[in-house]
Amino acid sequence: MMNIEKAILAVITTDQSKIDGGAPIFICESKQELEMIAANLEAITDGIAHSLSEELYIIVKH
Amino acid sequence: MNEYTYAILFGVIVGTLARILMLKTDYRQYPTYLHGKIIHASLGFIAASLGAIAVPALIEKEYTAVTLLTVAATQFRDVRNMERNTLAEIDPLELVPRGRAYIEGIAISFESRNYLCIFSAFISTILFIYFDLSIALAGGIGSILLSLRLMSGSTIKDIADIEYTPLKFDGAGLYVDNIYIMNIGIKERQEEILKYGAGFIIHPKNRNVVQTLANLGQRQAMLHDVSVSLGIFRDSGTPALTPLIKRDLDDGRIGMFILPQNRDIDLAIKIIGAVPVLESAIRMPTESKSYHETRDE
């Protein structure tokens, strides 16, 4: 059986043009909202919020 | 009562005493509790009895009796299994796990200590039978001291220099010196990490220990010991607050990121230095034949 060790649980962004499909996507209005949602999702999913760029965050389960 | 009774009794006492002395509770907190101690003191008594009884058996030319020692070997291999199983069972419940290599190291030492026990009992019984009590006493103390010496291996401070280095963020990337640790996205988390975290750089002293320090089991053991001794700022469900230890691929230095509750830097350096070098992590590349061949050319 294949065991997936890491997985992207969610993608959070303020720039809709940068993303498409795959994991659940959360689109935010502002940087502030982005950080709040990322912090909440991190707590809820027991994952880590990683920042790929200023407007693109992912939640990864390690 | 026969001529060997006192000799055997003496050997058993010395052997059991050796086991009890080796069973000191230290910062690794194992075994801390009475039950663990009773188990090991009793096994030490059994080991000491075997060592002591072997001597009269040999003197009386009962050579087959020595095969009893093979039973002892089987018995003590079980001790190793028992320790391994117990520690492996409870390891997932630790905030910072020991890791398999460390568990194996602990299990091996529990097994070998019983053999040291047999050795102490054997030596003291021989001396008691052939000489007198005073020489046997000196020999018994000598063998216990030798056991205690054999029991302790080298520690990290023997093979590496440890240096405190403040943590820093480059964008979302957390660094200890130039060693990348991980990506932390959320500002609050970054602030928390800068406030509560501490970084250390571990410089290997020579070529051989670069590989030893690179061993993942060895690195996990260091994280575990530091976290147990200094406390840790984390809980389940906060994976961003995980102590990590990464390697600089260029020169083999190790960057250590920890979240201690007790922020005493000197104490932390002492504790990292006192982490045992795991037997399974020791590598000796300079001892290899091909290394010397290329050197001699």
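How many salt bridges are there between chain A and chain B? I started my notes with that one, and the count is one. I'm keeping in mind that this is a predicted model.

**Entry: the salt bridge**

I looked up who makes it. Arg189(B) pairs with Glu42(A), and their closest N and O atoms sit 2.1 Å apart. On the chain A side of the contact, I found that helix H1 (31–45) and strand E3 (48–53) each supply at least two of the residues that touch chain B.

**Entry: the rest of the A–B contact**

Next I went for the make-up of the chain A side. By class, the residues touching chain B are five nonpolar, three polar and three charged. I then checked how many residues take part overall: 11 come from chain A and 11 from chain B. The two chains bury about 920 Å² between them. Of that area, 56% is on carbon and sulfur atoms. I also counted polar contacts across the interface and got five residue pairs, with both residues at pLDDT 80 or more.

**Entry: cysteines**

How many disulfides are there over all chains? I get zero. A disulfide would be a covalent bond between the sulfur atoms of two cysteines. I looked at two cysteines anyway. Cys28(A) has a relative accessible area of 4%, so I put it down as buried. Cys117(B) comes out at 0%, and it is buried too.

Which way does phi go at Lys61(B), positive or negative? It is positive, about 60°, and this residue is not a glycine. I noted that one because most residues other than glycine have a negative phi. Where does Lys61(B) sit? I traced it to the loop between helix H2 (34–59) and helix H3 (68–90) of chain B. Is Lys61(B) buried or exposed? Its relative accessibility is 60%, and the cut-off for exposed is over 50%, so Lys61(B) goes in my notes as exposed.

I found Asp177(B) in the loop between strand E3 (173–176) and strand E4 (179–183) of chain B. For Asp177(B) I read a relative accessible area of 31%, so I wrote it down as partly exposed.

Methods
Residues numbered from 1 in each chain as written. Chains lettered and ligands numbered in written order. Predicted model: local features only at pLDDT ≥ 70, side-chain atom pairs only at ≥ 80, totals over all residues. Heavy atoms only, no water. Contact = heavy atoms within 4.5 Å. Buried area = accessible area lost by both parts, 1.4 Å probe. Salt bridge = Lys/Arg side-chain N within 4 Å of Asp/Glu carboxyl O. Polar contact = N/O pair within 3.5 Å; in protein donor to acceptor, adjacent residues only side chain to side chain. Helix = DSSP H or I, 4+ residues; strand = E, 2+ residues; numbered from the N terminus. Nonpolar A, V, L, I, M, F, W, Y, C, P; charged D, E, K, R; others polar. Disulfide = S-S within 2.5 Å. Buried < 20%, exposed > 50% of the residue type's maximum accessible area, 1.4 Å probe, protein only.
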